[in-house]
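Keep the structure open as you read.

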Amino acid sequence: MVAENESDGVFKDEDRVPVITDPFQGKIRLLDVGSCYNPFREFPEFEPIGIDLCPATDTVFQCDFLSLTISRPLTPPALTSHLSAMSSPVTQLPSGAFHVVVFSLLLEYMPSRLQRWRCCLKAHALLAVNGLLIVVTPDSHSLHRNAPMMKSWKQAIEAVGFRRWRYEKQSHIHCMAFRKITEKVAVEEKETDKYVEMMYIPQDFKEDADEKAPKKRKTKHKVAAKSDSAQQEK
């Protein structure tokens, strides 16, 4: 860990975030974004926090993840106090506070590429260096059907400041684990648009096509028929 300032509970250098070192000690602080019922509470090795825009249970905090403010990193004692005192709605979390951030069936429900990209930026800010971002996304097709999309996501997420550590295609889902390797976001601002476009899902192209498709215009015949019908009703 970096040096601490015990007087105010924050690290001396506000631009530094905690670093996970080997051997790891203590419980794994895990942030489950879009948590349904905070399932990680069942496992004693985790210190989980579940957040959701519309929580289904009292064990999950209400939080708009994309609007979340990231504050300066806290020392371990101050961070423990901060997390134990959390209440809904959660509007702010400290930088580098978590060892693991989980996006399980989350990114594909974001309506735009930009929002998926912003989720990854938030995860990077909330993770300690060497922390893991776990991405689970549904796909019932064969391994190679959406391989280009998974490769695209990999390139975009790695550009933020991650390195893919594990990947597994199961029957109905893709599972990816990314390790945070940089303190700050690695991608240059001028390249952001390129990587945002890489965070696509197949439905995006259908929506794009629908928006570009010309709207049907009423013919004179249909307009006249409507007018005649209205007159008859009168």
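A nonpolar core here is a set of buried Ala, Val, Leu, Ile, Met, Phe, Trp, Tyr and Cys residues joined through side-chain atoms within 4.5 Å, where buried means under 20% relative accessible area, exposed over 50% and partly exposed in between (1.4 Å probe, protein chains only). This is a predicted model, so local features need pLDDT of at least 70 and side-chain atom pairs count only at pLDDT 80 or more, while totals for chains, interfaces and linings use all residues. Residues are numbered from 1 along each chain as its sequence is written, and side-chain values use heavy atoms, with hydrogens and water left out.

The largest core has 46 residues, and Leu31, Phe103 and Leu133 have the most contacts inside it. Helix α3 (residues 147–161) gives the most to this core, with 7 residues. Apart from it lies another core of 6 residues, including Leu30 and Phe46.

Now zoom in on Phe103. Not counting residues up to four places away in sequence, Phe103 touches Val33, Phe65, Leu133 and Val135, among others; contact means heavy atoms within 4.5 Å. Its partners also include Cys119, Cys120 and Ala123, which are buried residues of helix α2. That helix (residues 113–126) reaches 20 Å from its first C-alpha to its last.

Next, the strands (DSSP runs of E, at least two residues; helices are H or I, at least four; both numbered from the N terminus). In β4 (residues 46–52), 5 of the 7 residues are buried. Strands pair if DSSP finds at least two bridges between them. β3 (residues 28–33) and β4 pair in the parallel sense over 6 bridges, with Leu30 partnering Pro48. β4 also runs parallel to β5 (residues 60–62), joined by 3 bridges, and Gly50 stands opposite Val60.

Note on methods. Expected span 1.5 Å × (residues − 1).
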